[in-house]
Amino acid sequence: MPTYNKLVRDRIPDIIQKSGKSYNTRILSHSEYTMALKDKLQEEVNEYLEAGHLKDQGEELADILEVVYALAEAQQMSTDELDEIRRTKAQQRGRFEGRVLLIDVQE
């Protein structure tokens, strides 16, 4: 019996049950949930970095977004607020469209 001890999407237990398997779960406290989301974010980023095909990369990027949105919500921030912060930073500091690599800065 594999042991996972990781945060999963809400419908995963139903999917496991429908496959004829049994499982054990528990509901995390808020602080445990936040830590589990951070772990999940790292997991999803690693999966993205290891994905070879564009379709797989897209799937992993979508998973990363889902975790980022959950982290924002856990911090009582709406996705609209998060996007507004992103837009403000983009206006103030730019985006990454120019593909600029900073080599060094002379003092």
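Student: In which helix is the place of glutamate 60?

Tutor: Glutamate 60 lies in helix 3, residues 54-74; helices are DSSP runs of H or I with at least four residues, numbered from the N terminus. This is a predicted model, in which local features need pLDDT of at least 70, side-chain atom pairs count only at pLDDT 80 or more, and totals for chains, interfaces and linings use all residues. Residues are numbered from 1 along each chain as its sequence is written, and side-chain values use heavy atoms, leaving out hydrogens and water.

Student: Why is glutamate 60 called buried?

Tutor: Buried means under 20% relative accessible area, exposed over 50%, and partly exposed in between, with a 1.4 Å probe and protein chains only. Glutamate 60 has 15% relative accessibility, and therefore counts as buried.

Student: Which residues does glutamate 60 touch?

Tutor: Not counting residues up to four places away in sequence, glutamate 60 touches Glu44, Glu47, Tyr48 and Ala51. Contact here means heavy atoms within 4.5 Å.

Student: What is the secondary structure of the protein?

Tutor: The protein has four helices and zero strands; a strand is a DSSP run of E with at least two residues. The radius of gyration, taken over C-alpha atoms, is 18 Å, well over the 13 Å that the globule rule gives for 107 residues, so the protein is more spread out than a compact globule. That rule is 2.2 Å times the number of residues to the power 0.38.
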